[in-house]
Amino acid sequence: SSGTQIYIQNICKDLDHINAKQFVELCLSFTKLSDSLGKLIAWGFKDIFSKCSILTQHANNYHDCPTLQDLVVKEMSLNIHILSGNNNASHGRGKGDPYANYESASRTILRLIWFLTLLKQLLKGLIDYPNDNLSSVSRNAYNNSIAPFHNIFLRNAIRLIFYTVPNLSLIHI
């Protein structure tokens with residue numbers, strides 16, 4: 001869509017200072033595809049919505065950090081860039097600590113970049129292999145992008161989900 005093109009253009013103007021809110025909008029604009037790809041894929045995209053929500057919250061809370069880079073630097077200076085919400089106590093951020101339930105923007109940004117890498121691989125596959133079915137292209141895109149970052153159980157579940165992707169001719173974008 002033209003909105004997606006505008007986000008891409010704005011982000012590409014200065015890759016050293018990517019506006020956090022525009023980055024979130026770009027990720028969200030791509031997630032709209034999930035509705036066309038079937039219920040299981042849409043379910044998988046819920047994690048992307050969650051990541052976008054976390055990043056939006058941080059962008060709103062840290063007014064002095066309008067860019068992704070600013071958010072990462074801020075978190076690193078506070079030594080909270082490693083917090084995931086699940087591992088906080090093991091990093092000395094237990095009950096009573098203001099960061100006890102904190103989910104870092106740094107980790108969230110990384111995962112959203114992985115998501116965009118998956119989309120890039122998917123689009124490349126559709127261009128390079130126009131006669132392949134979408135299920136096959138999707139699995140290859142996943143295997144060549146974010147599969148190495150997932151444990152074996154998640155990898156296998158996601159690969160199975162890609163078998164449910166409808167034929168490209170049935171998708172209305």
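Biologist: Let us start with cysteine 52: does it count as buried or exposed?
Modeller: Cysteine 52 counts as buried, because its relative accessibility is 1%. Please keep in mind that this is a predicted model.

Biologist: Which cysteine sulfur is closest to the one in cysteine 52?
Modeller: The closest is the sulfur of cysteine 27, at 4.9 Å, which is too far for a bond. A disulfide is a covalent bond between the sulfur atoms of two cysteines.

Biologist: Let me step back. What secondary structure does the chain have?
Modeller: The protein chain has 7 helices and 0 strands. Read from the N terminus, the order of elements is α-α-α-α-α-α-α.

Biologist: How much of the chain is buried?
Modeller: Of the 173 residues in the protein chain, 39% are buried. As for contacts between residues at least 6 apart in sequence, 56% of them join residues at least 24 apart.

Biologist: What can you say about the largest nonpolar core?
Modeller: The largest nonpolar core contains 41 residues, and Phe23, Leu55 and Leu116 have the most contacts inside it. At least two of its residues come from each of helix H2 (20-31), helix H3 (39-61), helix H4 (68-78), helix H5 (105-128), helix H6 (134-143) and helix H7 (152-162).

Biologist: Which helix gives the most to this core?
Modeller: That is H5, which gives 9 residues. In soluble globular proteins, nonpolar side chains tend to be buried together.

Biologist: What does leucine 116 touch, leaving aside its neighbours within four places in sequence?
Modeller: On that basis, leucine 116 is in contact with Phe23, Leu26, Cys27 and Phe30.

Biologist: Moving on to alanine 20, where is it?
Modeller: Alanine 20 belongs to helix H2. It counts as buried because its relative accessibility is 1%.

Biologist: What are its contacts, sequence neighbours within four places aside?
Modeller: Alanine 20 is then in contact with Ala59, Pro66, Thr67, Leu68 and Leu71.

Biologist: How do the axes of H4 and H5 cross?
Modeller: The two axes come within 8 Å and cross at roughly 140 degrees. H4 and H5 are therefore oblique to each other. On the H4 side the contact is made by Leu68, Leu71, Val72 and Glu75, and on the H5 side by Ala105, Ser106 and Ile109.

Biologist: Now H6. What does serine 135 do there?
Modeller: Serine 135 has its place in helix H6 and counts as buried, at 9% relative accessibility. Its side chain forms a polar contact of 2.6 Å with the side chain of arginine 139. Neighbours within four places in sequence aside, serine 135 is in contact with Phe162, Tyr163 and Val165.

Biologist: And valine 137, buried or exposed?
Modeller: Valine 137 is buried, with a relative accessible area of 4%, and it too lies in helix H6. Not counting residues up to four places away in sequence, valine 137 touches Leu122, Gly125, Leu126, Tyr129 and Asp132. The C-alpha atoms of valine 137 and glycine 125 are 5.7 Å apart, while the two residues are 12 apart in sequence.

How values were computed. Residues numbered from 1 in each chain as written. Predicted model: local features only at pLDDT ≥ 70, side-chain atom pairs only at ≥ 80, totals over all residues. Heavy atoms only, no water. Core = buried A, V, L, I, M, F, W, Y, C linked by side-chain atoms within 4.5 Å. Buried < 20%, exposed > 50% of the residue type's maximum accessible area, 1.4 Å probe, protein only. Helix = DSSP H or I, 4+ residues; strand = E, 2+ residues; numbered from the N terminus. Contact = heavy atoms within 4.5 Å. Disulfide = S-S within 2.5 Å. Polar contact = N/O pair within 3.5 Å; in protein donor to acceptor, adjacent residues only side chain to side chain. Axes fitted to C-alpha atoms, helices over the stretch in contact; angles between N-to-C directions. Parallel < 35°, antiparallel > 145°, perpendicular 65-115°, else oblique.
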